[in-house]
Amino acid sequence: MRLVCVDKDELTLGILEARFSHISWRARFCRSAEDALVMVRQSSPDVLITGIQLEASNGYNLISAIRADSNPRVAFIPIVILSYMSRNDYIMRGLRLGADDFIAKPFDLINLENDIRQLAEVPDAT
Amino acid sequence: MLREPMVVAALGFLILVVLLVGLLLFRRIIVGRFYLWRFQKGKLWGRLLNRMVARMDDPRPAELEELTFAGRITRELLQEVLLARMDLLVGRSRLPLIKVFRETGLQNLSLIELKSRDVWARRRAADSLGRAGGREVARQLIVSLTDPDEDVRGIAARSLGRLGVQVAAPHMVTLFQSLEEDFCLVIANALVDLGPSTLLPLTRGLVNDSEKTRYFSALAISRICEEGRCRHEVMKALPMRRATDVKAVYPTRLNDRLRRLTRDESPRVRRAAVEAQASTMDVGATERLEQILADDPVPEVRAAAAKALGDMEAVESAERLLMALNDHSWQVAYEASRALAAMGAPELERLEQPGLRETRAPEWRDEIRELAQEASLQQGSLMGSEA
């Protein structure tokens, strides 16, 4: 499994990094939408995990930029939003822009993994 | 003679300069080093805790040894690093962190601090026990609900809500009368977190002498019962032996008390009672709600009644809602228009009837039509998705 994770919160990135490396998923991490876009274009990951609040930009802009990309391998990447901002309007905005799932913080790592597996259509190893 | 004071002054100046330079160096070297050490130690502990979370199993002895704190400063640092992770995670991923909190002795120290004379220590302890403690700390937190400090009582109640300690609900309801409004809201939210099993003490709160208790009890009931899921949830949440008691209390006693509360002298209590009636889907209350919509002197209460009738889709109250479009308060007229829109097109057609056309406020008709179109579109899309 190849992932790109982008979030302003270092703590979230640290926990995701530890977990993904424990289950041998290859993940790249960054804190800004610009870096994430570069990583996504470079590596076409199976799933992108993004926060709403990012450095210098936000997750909505990132989702819009990815969905508008001319390369179909980039434009159709499954996107999961992982954020504390879990009010209905924030969720709906993300889903309308093209996100595939929304996971509210605080979150359960197991649920997150299951959702990623489903989106990437990878069977559960257990 | 003249030279001596000059020498003393020069010496004094020199000593002052040396002291200043020393102070700056001390700050730069010692304090700087302390912060650097704290930062590095925090990073190290953070990585260690991340690895434990990633493994999702018990902390190893060597890891616990690494996490041992030496004094108050290191203890606060470990607690900070640990609680930050606790706040981010739920479910199974949290278990290793709870074990660390318990096995490094942080939990016991917090329990001791809960009895400390220092108010700040008690507040901190009540908070950290709610964020990281196991359910075994519930008893001590319930004791803290009678703490002389208001903040400690409020924080303890919030912590009990976080830990899901349902037996604390009756104590929490009694706190409403003795706390500031902000903390009452915190407790109401904690009761909402605890779920439908708190309805029994909250129903008792509806007839309390204290206005605050009546208001926040109605508010909590309203939030717990949102979307009409309450009746089923109440039955599901309670053990079978208590289900018969609940049947006796809910919905009849709850609804009776809510109806009585709509005549309360406090406008905010009346409004909260009306909202709770809508949440509990008390369809027998529509007549009373119509009366409130017509007669209540406070616009917020009338608006809440209009909204409640819409939420309950009380088609039989359409005539009263149509009349409410002419209410002098825009809030009431707006809520009435939304309620009518929620009822669908047949009711809106009545707006076009000749007798009504002249009397209804024309500026609201377009609004209602837009809302109705939106509502029927939503209904259409829902029906489409069901098909």
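1. Of the 121 residues that make up the largest nonpolar core, those touching the most other members are B:M172, B:A218, B:A305 and B:A306. A nonpolar core here is a set of buried Ala, Val, Leu, Ile, Met, Phe, Trp, Tyr and Cys residues joined through C-beta atoms within 7 Å. A residue is buried if 20 or more other C-beta atoms lie within 10 Å of its own, exposed if 12 or fewer, and partly exposed in between, with C-beta atoms placed from the backbone.

2. This is a predicted model, in which local features need pLDDT of at least 70 and side-chain atom pairs count only at pLDDT 80 or more, while totals for chains, interfaces and linings use all residues. Residues are numbered from 1 along each chain as its sequence is written, and chains are lettered from A and ligands numbered from 1 in the order in which they are written.

3. Leaving aside residues up to four places away in sequence, B:A305 touches B:V274, B:L289, B:I292, B:L293 and B:D296, where contact requires C-beta atoms, placed from the backbone, to lie within 7 Å.

4. B:A273 is found in helix α16 (residues 267-279) of chain B, and it counts as buried because it has 32 C-beta neighbours inside 10 Å. With residues up to four places away in sequence again not counted, B:A273 touches B:A218, B:L258, B:L261, B:T262 and B:D264. B:A273 and B:S217 are 56 residues apart in sequence, yet their C-alpha atoms are 9.2 Å apart in space.

5. Chain B as a whole has 23 helices and zero strands; helices (H or I, at least four residues) and strands (E, at least two) are DSSP runs, numbered from the N terminus. Of its 387 residues, 39% count as buried, and among contacts in chain B between residues at least 6 apart in sequence, 69% join residues at least 24 apart.

6. Helix α10 (residues 181-194) of chain B has 14 residues, which at 1.5 Å a residue should span 20 Å, and this agrees with its end C-alpha atoms being 20 Å apart; the expected span is 1.5 Å times one less than the number of residues. The buried residues of α10(B) are B:C184, B:I187, B:A188, B:A190, B:L191 and B:L194. They cover an arc of only 160° around the axis, which puts them on the same side of α10(B), the arc being that of the directions from the helix axis to the C-beta atoms. Among the elements covering these buried residues are α8 (150-163), α9 (169-175), α11 (199-205) and α12 (211-224) of chain B. After α10(B) comes B:G195, whose phi is positive, near 90°.

7. In chain A, five of the five residues of strand β6 (residues 79-83) are buried, so the strand is largely enclosed by the rest of the structure. A:I79, A:I81 and A:S83 point one way from β6(A), while A:V80 and A:L82 point the other way. In a regular strand the side chains alternate between the two faces of the sheet.

8. Strand β3 (residues 47-50) of chain A pairs with β6(A) in the parallel sense over three bridges, pairing being called where DSSP finds at least two bridges between two strands. Here A:T50 stands opposite A:I81 in β6(A). Four bridges join β6(A) to strand β7 (residues 101-104) of chain A, and these two run parallel; the bridge partner of A:L82 in β7(A) is A:I103.

9. Finally, the contact between the chains involves 13 residues of chain A and 15 residues of chain B. On the side of chain A that touches chain B, α1 (10-22) and α6 (109-120) of chain A each supply at least two residues, and α1(A) gives the most, with seven residues.

How values were computed: Two residues are in contact if their C-beta atoms, placed from the backbone, lie within 7 Å.
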